[in-house]
Amino acid sequence: MSQLSNTSNPNTLDLVAFDSLLSSSEISTRNAVADFGNHHLRPRIGEWFDTGQLPIKEIALSFGDLGILGMHLEGYGCPGGSAVEYGLACMEIEAVDSGLRSMMSVQGSLAMFAIHHWGSDEQKDKYLPRLAAGELVGCFGLTEPSAGSDVASMQTRAKREGDEWVLNGSKMWITNSPIADVLVVWTRTENVDGNDENGGERNAGKPGHVGFIIERGTPGLSTPTINRKLSLRASVTGEIVLDDCRVSDAQRLPHVSSLRGPLTCLNEARYGIIWGALGAARDCLQTTLAYTAQRPVFKRPLSSFQLTQAKLSDMTVELNKSLLMALQLGRLKDRGELKPHQTSAGKLNSTRVALDIARECRSLLGAAGITTEFSPMRHANNLESVLTYEGTAEMHQLIIGQALTGEAAFR
């Protein structure tokens, strides 16, 4: 029964004829990623989660071959897919495991997007094609031990000395950092020079927040691994420690010198989570539908009881409602109309719904639900992290609240 989630028909959960809302290209993309996940990732995910060890470099190359790294970016070897296609791909990868989708998102929507959006032509030419191919692994250093949601309070500093910058500080909970070849790291500085995001010199010589591309092997850089995780075990997580780490000015992202830089990247990653979390929820439901159909209770299938059907029905309705919201937000994004508070609404909803579904599915599996033979508890553990990262639920509530009231309540 451990393979039930592989064989269940996902269309069983479709209450709204969802595919009728998709183009043939979107359906083709989704099916290709789903097929890859089922054949190449799902058979190994239990072992990766159990051991906390997985071949990230190998996975990155396979993701590059599949064309899902930076798939919504244009040029430089990037596929240039639509936002909806990217969302569907995130959903199918996270249907296998949130840790794998996290690797995909960090590479494409954080590290690659930062370079694509804020980098120089030389930086784009140098890094993006190899990141898109999975030949290089990237990470994104923003969160600090004492500065999570309050990004403006980051303590990592960059001080300019001639044509070099000296970086000091540390970042925490960074996906891919222990094995990343390319690290995009955000810092505070007191002496920004060069063009700002508007192409002018407004911030020259003034305090700001700047990003740097740091390559593996740079003196003063270390990336300790964070172990003993109970969540996202099929993902490599670590720190970034900068101790008088010297980088040239050519490694600075030249087109932004404010918090707009990292926050724009976060919105990209949050969009992928809207879809991804629903993939985890769908996999929980598929597994549970198959299990309850075969599990005998009082000489009847567990699925034949009214309480079971009520729970399955409620969860499936919530999943379908959330998928419709994700699709609408994707259409807005493809038209260039998606606003940050709308992304927050989607991320808040999807993560809440997915976590509730994972927990309820785990309970329907009874004792079997606590093992890694079945996906719901693994997904539930992962979704506890997904609920928190790229903005906690509380932060998204405040972002939505500001949009509703016109009042900022962050402090």
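Student: Leaving aside its neighbours within four places in sequence, which residues is arginine 188 in contact with?
Tutor: A word first: this is a predicted model, where local features need pLDDT of at least 70, side-chain atom pairs count only at pLDDT 80 or more, and totals for chains, interfaces and linings use all residues. Residues are numbered from 1 along each chain as its sequence is written, and side-chain values use heavy atoms, with hydrogens and water left out. Arginine 188 is found in strand β6 (residues 182-192); helices (H or I, at least four residues) and strands (E, at least two) are DSSP runs numbered from the N terminus. With contact meaning heavy atoms within 4.5 Å, the partners of arginine 188 are Ala152, Met154, Gln155, Thr156, Arg157, Ala158, Gly208 and His209.

Student: What is the relative accessibility of arginine 188?
Tutor: Buried means under 20% relative accessible area, exposed means over 50%, and partly exposed lies in between, using a 1.4 Å probe and protein chains only. Arginine 188 counts as partly exposed, and its relative accessibility is 22%.

Student: How much space lies in the largest pocket?
Tutor: On a 1 Å grid over the protein atoms alone, a pocket is an open set of points where a 1.4 Å probe fits, with protein on both sides within 12 Å along at least five of seven lines. Grid points are joined across faces, edges and corners, and the volume is the space filled by probe spheres set on the points. For the largest pocket, that space is about 1200 Å³.

Student: Which element gives the most to the lining of the largest pocket?
Tutor: Lining residues have an atom within 4 Å of a point, and the largest pocket has 42 of them, with Thr143, Gly148, Tyr389, Glu390 and Gly391 nearest its centre. Elements that give two or more residues include β5 (164-175), α7 (260-294) and α11 (393-405). With 6 residues, the element that gives the most is α7.

Student: What is the distance from glutamate 390 to the nearest side chain of opposite charge?
Tutor: Glutamate 390 is found in the loop between α10 and α11. This residue is buried yet has no salt bridge, a salt bridge being a side-chain nitrogen of Lys or Arg within 4 Å of a carboxyl oxygen of Asp or Glu. Lys and Arg count as positive and Asp and Glu as negative, while His and the chain ends are not counted. The nearest side chain of opposite charge is arginine 270, at 5.6 Å.

Student: Which helix holds lysine 126, the partner of glutamate 215?
Tutor: Glutamate 215 and lysine 126 meet through their side chains in a salt bridge of 2.9 Å, N to O. The two are 89 residues apart, with glutamate 215 in strand β7 (residues 206-215) and lysine 126 in helix α6.

Student: Which helices do arginine 359 and glutamate 384 lie in?
Tutor: Here too the side chains meet in a salt bridge, at 2.5 Å, N to O. The pair ties together parts 25 residues apart in sequence, because arginine 359 and glutamate 384 lie, in that order, in helices α9 and α10.
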